Amino acid sequence: DTVTGLGTLAVSGTTTINTATVTSAGTQTYTGAVTLGADTTLTTTDSTVLFSSTVDSTGGARDLTVSAGTGAITFTGAVGGTAALDALALNSTGTTTLTAAVTAGSLATNAGGTTAINGGAVTTTGAQTYNDNVTLGANTALSATTTTFNGTVAGGGFNLGLTGNAVFGDATTDTVTGLGTLAVSGTTTIN
């Protein structure tokens, strides 16, 4: 099943998504809690995707891919707080904001843009790969098999704690600045 050809999508109540694809030219706004009953891809044409409440899986861990072009992706509530997601892929050359805790099988962002981690914790059973620049808006704990930063990390004076292995940078311009403290429990590679 697919939902395509929409101008915009605005849902004010709770939403259960049991389809693989939701595509719109304009914004997608989910004001109430969202539950994924299927692996789902949400796509806009350079427009915002906003989740104003929680996002969870049902019937097993579900993949969520959000592709917003130059549009922003914002999660205001917890992601996977009640039932973890599986693979979480966030593709935006704008700003991706995680305002609350995230729990998933893995997390990956695309190159370009910025990921603002303001919710304090991202926990995955697999890897976390940030292919864009990362900013911290709170003391942050990331837990993964390996957390890879392929862009800059700007701490804003906040602390960053990593459980698992860490890889910082894949280019000479990838700097880590402004952290209060940096702690890594596993092996660390600084490129």
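Accessible areas here come from the Shrake-Rupley method with a 1.4 Å probe, and for residues only the protein chains shown count as cover. The model is predicted, so local features need pLDDT of at least 70, side-chain atom pairs count only at pLDDT 80 or more, and totals for chains, interfaces and linings use all residues. Residues are numbered from 1 along each chain as its sequence is written, and side-chain values use heavy atoms, with hydrogens and water left out.

**Exercise 1.** Work out what the accessible surface of the protein comes to, and what share belongs to carbon and sulfur atoms.

Solution. Start with the total: about 7,500 Å². Then take the share: 53% of that belongs to carbon and sulfur atoms. As for cover, 41% of the 191 residues count as buried (under 20% relative accessible area, with exposed over 50% and partly exposed in between; 1.4 Å probe, protein chains only).

**Exercise 2.** Classify the pair formed by the rings of phenylalanine 51 and phenylalanine 75.

Solution. First, the rule: rings of Phe, Tyr and Trp (its six-membered ring) pair if their centres lie within 6.5 Å; planes under 30 degrees apart count as stacked, over 60 as edge-to-face and the rest as tilted. Next, the numbers: the centres sit 4.7 Å apart with the planes at 5 degrees, so this pair is stacked. Now place the partners: phenylalanine 51 is in strand 8 (residues 49-51) and phenylalanine 75 in strand 11 (residues 73-75), 24 residues apart. Strands are DSSP runs of E, at least two residues, numbered from the N terminus.

How values were computed:
Helix = DSSP H or I, 4+ residues; strand = E, 2+ residues; numbered from the N terminus.
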